[in-house]
Amino acid sequence: MSAEEPLIRVVRGVPTAEELAALVGAIVVRSRPATAPAPATTSAWARSGRPAGSGGWRAAGLPR
């Protein structure tokens with residue numbers, strides 16, 4: 001593709017400036033790489049079954 005060749009060409013119709021801006025905006029959004037999803041947080045229900053403190057499960061079964 002040469003430097004003078006347009007990236008987008010209207011083949012049919014006469015789009016308004018707003019329609020062209022909407023098209024370019026949609027193309028820009030679609031061409032961005034998807035962001036990585038945020039790491040899932042552990043629910044309160046799952047955390048309630050885990051012993052806290054040092055030793056974890058090992059310490060949970062020991063007498064206090």
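Q: What counts as a helix here?
A: A helix is a DSSP run of H or I with at least four residues, numbered from the N terminus. The model itself is predicted.

Q: OK. Where does Leu20 lie, then?
A: Leu20 sits in helix H1, which spans residues 17-31.

Q: And Val24, what is its place?
A: Val24 belongs to helix H1.

Q: Is Leu20 buried, exposed or partly exposed?
A: Partly exposed. Its relative accessibility is 34%. The partly exposed class runs between the buried limit, under 20%, and the exposed limit, over 50%.

Q: Why does Val24 count as partly exposed?
A: Because its relative accessible area is 40%.

Q: Which residues form the nonpolar patch on the surface?
A: Leu7, Ile8, Val10, Leu20, Leu23, Val24, Ile27 and Val28. Together they have about 670 Å² of accessible area.

Q: How far apart are Val24 and Ile8 in space?
A: 8.8 Å, C-alpha to C-alpha. In sequence, 16 residues separate Val24 and Ile8.

Q: Zooming out. How many helices and strands are in the chain?
A: The chain has 3 helices and 0 strands. From the N terminus on, the order is α-α-α.

Q: What share of the chain is buried?
A: Buried residues account for 2% of the 64 residues.

Q: And the accessible surface, how much is there?
A: The chain comes to about 6400 Å². Carbon and sulfur atoms hold 61% of that surface.

Q: Switching to confidence. What does the chain average in pLDDT?
A: The average is 80. Of the residues, 75% score at least 70.

Q: Which element has the lowest mean pLDDT, and which the highest?
A: Helix H3, residues 57-60, has the lowest mean, at 65. H1 has the highest, at 90. Leu20 and Val24 both lie in that helix, H1.

Methods: Residues numbered from 1 in each chain as written. Predicted model: local features only at pLDDT ≥ 70, side-chain atom pairs only at ≥ 80, totals over all residues. Heavy atoms only, no water. Helix = DSSP H or I, 4+ residues; strand = E, 2+ residues; numbered from the N terminus. Buried < 20%, exposed > 50% of the residue type's maximum accessible area, 1.4 Å probe, protein only. Areas by Shrake-Rupley, 256 points an atom, 1.4 Å probe, with all protein chains shown as cover. Patch = residues over 30% accessible without salt bridge, like charges linked within 9 Å, V, L, I, M, F, W, Y side chains within 5 Å. Salt bridge = Lys/Arg side-chain N within 4 Å of Asp/Glu carboxyl O. pLDDT = per-residue confidence, 0-100.
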